[in-house]
Amino acid sequence: MTTIEREGETDLAGRLAFVRAGIAEAAAANSRRLDELTLIVVTKFHPASLVRELMNLGVTDFGESRHQEARDKVAELTGTPATWHFVGQLQGKKAKQVAAYASVIHSLDRPSLADLLSSAEVRPTAGRTDVFLQVNLTDDPGRGGVAPGGARELAEYVEVLPGLRLLGVMGVAPLGEGPRSAFARLRAVSEAVTQSVPRASAISAGMSHDYAEAIAEGATHLRIGSAITGIRPAAG
Ligand SMILES: *Cc1c(COP(=O)(O)O)cnc(C)c1O
């Protein structure tokens with residue numbers, strides 16, 4: 001067990017094991033079951049070869065935040081069993097292309113985008129696209145995400161659309177605030193949403209530096225990048 005106890009792991013398998021151990025520890029500390037937590041490894045800025053290595057290490061779920069990069073990587077990995085999550089801001093004009101490869105979209109934050117993703121031309125032929133409502137946990141209304149007070153209404157809007165299936169809420173803890181209190185607010189939003197849509201109880205929260213706090217506040221889907229993938233390769 002010494003490898004997973006060491007900080008600053010230098011290889012991918014070591015870092016993955018270290019994070020998995022951290023997740024297990026946070027789950028145990030909060031009486032959460034491991035099988036209710038989904039680890040999504042965010043591979044933005046990293047090549048398809050790293051996704052392959054992670055698949056060999058048992059990772060099934062991958063997150064991307066930029067459409068062009070994601071599209072190229074997914075194309076390189078055609079035929080593999082990877083499940084793709086789109087976690088970045090989504091422009092309406094990209095909705096159709098993203099829905100073509102993303103099984104889950106974590107950044108739905110407005111009715112117009114919901115309409116687009118649900119429309120017959122956009123949604124996958126076999127059924128519905130799974131979505132999370134992104135909630136803006138900052139006090140800057142210009143940031144992505146629906147305001148906490150508007151999430152329930154948006155959930156009701158999404159729930160009746162034919163092409164979408166609402167999984168729950170998603171949030172990013174703002175800088176300059178302890179993540180625990182931000183995730184507590186997200187949990188309260190989740191409770192409001194489930195009053196209208198009881199099934200939509202998932203919570204997408206927690207990144208490299210705050211996944212333990214997210215688990216403590218009920219996160220079910222962890223989006224973890226650099227703690228596993230390591231330093232991002234220089235752009236370009
Ligand atoms: C990049 C990103 C992550 C992962 O961030 P790390 O700090 O590298 O773990 C999670 N969620 C979103 C929305 C991201 O853009």
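Tutor: One idea before we start: a polar contact is a pair of N or O atoms within 3.5 Å. Keep in mind, too, that this is a predicted model.

Student: Okay. Which polar backbone atom is 2.8 Å from an oxygen atom of the ligand?
Tutor: One that belongs to S226. Side chains take part as well: an N or O atom in the side chain of S208 is 2.5 Å from a ligand oxygen, and R223 has a polar side-chain atom 2.9 Å from a ligand nitrogen.

Student: How much of the ligand's accessible area does the protein cover?
Tutor: On its own the ligand has 380 Å² of accessible area, and the protein covers 87% of that. The space the ligand takes is the largest pocket.

Student: Which residues come nearest to the ligand?
Tutor: There are 11 residues around it, and K44, S208, R223, G225 and S226 come nearest. By type, the shell splits into five nonpolar, three polar and three charged residues.

Student: And what about the protein as a whole?
Tutor: Its secondary structure comes to 10 helices and eight strands. The radius of gyration is 17 Å, close to the 18 Å from the globule rule for 236 residues, so the protein is as compact as a globular protein of that length. Its C-alpha trace spans about 50 × 40 × 30 Å along the principal axes.

Technical notes:
Residues are numbered from 1 along each chain as its sequence is written. This is a predicted model: local features need pLDDT of at least 70, side-chain atom pairs count only at pLDDT 80 or more; totals for chains, interfaces and linings use all residues. Side-chain values use heavy atoms; hydrogens and water are left out. A residue is near a molecule or strand if one of its heavy atoms lies within 4 Å of it. A polar contact is a pair of N or O atoms within 3.5 Å; within protein, one must be able to donate a hydrogen and the other to accept it, and residues adjacent in sequence count only if both atoms are side-chain atoms. Accessible areas come from the Shrake-Rupley method with a 1.4 Å probe; for residues, only the protein chains shown count as cover. On a 1 Å grid over the protein atoms alone, a cavity is a set of points where a 1.4 Å probe fits but cannot get out, and a pocket is an open set with protein on both sides within 12 Å along at least five of seven lines; lining residues have an atom within 4 Å of a point. A molecule sits in a cavity or pocket if more than half of its atoms lie within 2 Å of its grid points. Ala, Val, Leu, Ile, Met, Phe, Trp, Tyr, Cys and Pro count as nonpolar, Asp, Glu, Lys and Arg as charged, and the others, Gly among them, as polar. Helices (H or I, at least four residues) and strands (E, at least two) are DSSP runs, numbered from the N terminus. The radius of gyration is taken over C-alpha atoms; the globule rule is 2.2 Å times the number of residues to the power 0.38.
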